[in-house]
Amino acid sequence: MQVSAADIELAKKSTLEEILKRGELRVGFEAGYMPFEMTDKKGNFVGFDIDMAKEMAKAMGVKFVPVNTAWDGIIPSLITGKFDIIMSGMTVTQERNLKVNFADPYIIVGQTILLNKKHEGKVLSYKDLNDPQYIVTSKLGTTGEQAVKRMIPKCQYKSFETETEAALEVVNGKADAFVYDLPFCVVFMAQQGAGKLVFLDQPFTYEPLAWAVNKGDPDFLNWLNNFLRQVKNDGRYERIYNKWIKG
Ligand code: ARG
């Protein structure tokens, strides 16, 4: 049997076609990463990524379907088709990029430190934490965890399932410092830091956050990058940014 160029084209997976046919954009994320994706008191998902996902679905003319997923299985879930895209504050890393494609970054962040107040003035940067006397926390499977292991190798590292638990450990004085993405630390500091924490807010890593999609789908990536450029320049990005981040 003769295989035509058109057959090959058809066999290629086009996520965009599937979304349009289904009438739904299924977005994978893990709620808890403030202010990008959280669960509000009524149980609704809210935040920067959620609002952007809603704009995206609107621009496609389809329904937004949130899919809350555990962080450590989020890439396998994308690959096995549980959702169409990861919009979850994911840092572009070379390691992840071997498994998925990333659209252009939508924001740049970096690791910062929430320090127990008893160390105020003594610990001034991540370098001062590089000592076995310090217990440092972060979240399992994140770039925060990677930064601690790579850049603060001599501390005692303690991993947590959620970012909030990891930060509370420092509030409660059971750990000395929490290392995590700047925007989360800004929100946590404002909510629970007063009188308990010191915020070392100079990022010490470079972390572009981007939407992740399955490999081999240039149609979808092209649409996403053009959508991103458009929202960044027509006021939609600014409105969402000011609502959740500029505060
Ligand atoms: N930017 C960090 C990373 O990619 C943390 C992201 C956590 N996101 C979440 N929705 N819990 O590892």
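Reader: How many Å separate the centres of domain 1 and domain 2?
Author: The centres, taken over C-alpha atoms, are 27 Å apart. The protein chain is divided into domain 1 (13–107 + 208–246) and domain 2 (111–200), with bounds that come from an automatic or database domain assignment. Keep in mind that this is a predicted model: local features need pLDDT of at least 70, side-chain atom pairs count only at pLDDT 80 or more, and totals for chains, interfaces and linings use all residues. Numbering starts from 1 along each chain as its sequence is written.

Reader: How many residues of domain 1 are in contact with domain 2?
Author: 10 residues of domain 1 are in contact with 11 residues of domain 2. A contact means two C-beta atoms, placed from the backbone, within 7 Å.

Reader: What makes β9 mostly covered?
Author: Four of the five residues of β9 are buried. Buried takes 20 or more other C-beta atoms within 10 Å of a residue's own, exposed takes 12 or fewer, and partly exposed is in between. Over the protein chain, buried residues make up 38% of the 247 residues.

Reader: Which five strands form the open sheet, and in what order?
Author: The order is β10-β9-β11-β8-β12, with mixed pairing. Strands (E, at least two residues) and helices (H or I, at least four) are DSSP runs numbered from the N terminus, and two strands pair if DSSP finds at least two bridges between them.

Reader: Why is one side of β10 and of β12 left without a neighbour in the sheet?
Author: β10 (156–160) and β12 (197–200) are at the edges with a single partner strand each, so one side of each has no neighbour in the sheet. The twist averages 25° from one strand to the next.

Reader: Where does helix α6 lie, and at what angle to β9?
Author: Helix α6 (163–171) lies across β8, β9, β10, β11 and β12, at about 160° to β9. Axes are lines fitted to C-alpha atoms, for helices over the stretch in contact, and angles run from 0 to 180 degrees between N-to-C directions. As for α5, its buried residues are Thr143, Gly144, Glu145, Ala147 and Val148, and they pack against β8, β9, β10, β11 and β13 (207–209).

Reader: How many residues has the largest nonpolar core?
Author: It has 63 residues, and among those with the most contacts inside it are Ile86, Trp211 and Ala212. Helix α3 (48–60) gives the most, with five residues, and the core draws at least three residues from each of domain 1 and domain 2. To belong to a core, a residue must be a buried Ala, Val, Leu, Ile, Met, Phe, Trp, Tyr or Cys, joined through C-beta atoms within 7 Å. Ala212 touches Leu78, Ile85, Ile86, Met90, Val100, Asn101 and Phe102, leaving aside residues up to four places away in sequence.
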